[in-house]
Amino acid sequence: MEHETALLKPQRSILLRMEPKPKIESDPHPADQHVGRQIATVRVQSDVSQAQLARSIGISFQQLQKYENARNRVSASMLYEIATSLDVPVSRFFDGLPGNDEARVEARPLPVDERLDFIASAEGRRLIEGLVKLPPRVRGRVSSLIAALGEELALPDTKADSETAGESPPAEHKTA
């Protein structure tokens, strides 16, 4: 019998190795995403950079980015440290969370601000880092240029609209 038992053990371990590994990575839970967005919102409203907040709570700014983007979950003790550093109650990070009974009665869900999502993105951080390096006068001009471009892009394209309606383009655009 001892011989039979010895033969079964290697077969069993071979079978275990052949099974597919379970998928470890998955999408962040909506509650983790909400808390991360709230951390970013409170931090930006408090005019605190990621580096400043990270330093004050003893973590790297990359770790804070992972919390804000919900790539890593925030522990209760870390959430407490973040709230203390930003001088807000821990419950602030749960404001507007769907299913939070107190929030349902007292407050409406907060809108997701696309600006905060952009600021928290790698592209947004690179843009802000580049802008901060510019002299204030140049930074003001770049900001004005971006605002003007945004306004221009928001205007309806009158030339394209008039041509599609069968109208001729304005006289200043006609060629002889």
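This is a short tour of the structure, one selection at a time.

**Start: the whole chain**

Keep everything in view. The model is predicted. Colour the chain by secondary structure. It has 10 helices and 0 strands. Read from the N terminus, the order is α-α-α-α-α-α-α-α-α-α. The chain holds 176 residues, and buried ones make up 20% of them. Now consider contacts between residues at least 6 apart in sequence. Of these, 50% join residues at least 24 apart.

**Stop 1: helix 2 against helix 4**

Select residues 30–45, which are helix 2, and residues 61–68, which are helix 4. At what angle do the two pack? The angle is about 120°, and the axes are 7 Å apart. Helix 2 and helix 4 are therefore oblique to each other. Show the side chains at the contact. Helix 2 brings Gly-36, Arg-37, Ile-39, Ala-40 and Arg-43. Helix 4 answers with Leu-64, Tyr-67 and Glu-68. By class, this contact has 4 nonpolar, 1 polar and 3 charged residues.

**Stop 2: Thr-41**

Stay on helix 2 and pick Thr-41, which belongs to that helix. Is Thr-41 buried or exposed? Its relative accessibility is 13%, so Thr-41 counts as buried. Set aside its neighbours within four places in sequence, and Thr-41 is in contact with Arg-92 and Leu-116.

**Stop 3: Asp-47**

Move on to the loop between helix 2 and helix 3, where Asp-47 sits. Most residues other than glycine have a negative phi. Asp-47 is not a glycine, yet its phi is positive, about 55°. With 69% relative accessibility, Asp-47 counts as exposed.

**Stop 4: helix 3 against helix 4**

Next, select helix 3, residues 50–57. Keep helix 4 on screen. Helix 3 and helix 4 pack at about 105°, with axes 8 Å apart. The two are therefore roughly perpendicular to each other. Which residues meet here? From helix 3 come Gln-50, Ala-51, Leu-53 and Ala-54. From helix 4 come Phe-61, Leu-64, Gln-65 and Glu-68. This contact divides into 5 nonpolar, 2 polar and 1 charged residues. Note that Leu-64 and Glu-68 also take part in the contact with helix 2.

**Stop 5: Asn-69**

Go to the loop between helix 4 and helix 5, and pick Asn-69. Its relative accessible area is 27%, so Asn-69 is partly exposed. Asn-69 and Ala-120 are 51 residues apart along the chain, but their C-alpha atoms are separated by 7.3 Å. Leaving aside neighbours within four places in sequence, Asn-69 is in contact with Ala-120 and Arg-125.

**Stop 6: Asp-87**

Carry on to Asp-87, in the loop between helix 5 and helix 6. Here too, phi is positive in a residue other than glycine, with a value near 60°. Asp-87 is exposed, with a relative accessible area of 70%.

**Stop 7: the largest pocket**

Rolling a probe the size of a water molecule over the atoms shows where empty space is left. How much space lies in the largest pocket? The volume is about 440 Å³. To find the pocket, select Arg-43, Ser-49, Gln-50, Arg-125 and Ile-128, which lie nearest its centre among the 15 lining residues. Helix 2, helix 3, helix 4, helix 7 (114–120) and helix 8 (122–133) each supply at least two lining residues. Helix 8 gives the most, 4 residues. By class, the lining has 8 nonpolar, 3 polar and 4 charged residues.

**Stop 8: the second largest pocket**

The second largest pocket holds about 230 Å³ of space. Select its lining: Phe-118, Ile-119, Leu-127, Ile-128, Leu-131, Val-132, Arg-139, Ser-143 and Ile-146. Which elements give two or more of these residues? They are helix 7, helix 8 and helix 9 (136–154). The largest share, 4 residues, comes from helix 8. By class, this lining has 7 nonpolar, 1 polar and 1 charged residues. Finish on Ile-128. This residue lines the second largest pocket, and Ile-128 is also one of the residues nearest the centre of the largest pocket.

Terms used:
Residues are numbered from 1 along each chain as its sequence is written. This is a predicted model: local features need pLDDT of at least 70, side-chain atom pairs count only at pLDDT 80 or more; totals for chains, interfaces and linings use all residues. Side-chain values use heavy atoms; hydrogens and water are left out. Axes are lines fitted to C-alpha atoms, for helices over the stretch in contact, and angles run from 0 to 180 degrees between N-to-C directions. Angles under 35 degrees count as roughly parallel, over 145 as roughly antiparallel, 65 to 115 as roughly perpendicular and the rest as oblique. Contact means heavy atoms within 4.5 Å. Ala, Val, Leu, Ile, Met, Phe, Trp, Tyr, Cys and Pro count as nonpolar, Asp, Glu, Lys and Arg as charged, and the others, Gly among them, as polar. On a 1 Å grid over the protein atoms alone, a cavity is a set of points where a 1.4 Å probe fits but cannot get out, and a pocket is an open set with protein on both sides within 12 Å along at least five of seven lines; lining residues have an atom within 4 Å of a point. Grid points are joined across faces, edges and corners, and a volume is the space filled by probe spheres set on the points. Buried means under 20% relative accessible area, exposed over 50%, partly exposed in between (1.4 Å probe, protein chains only).
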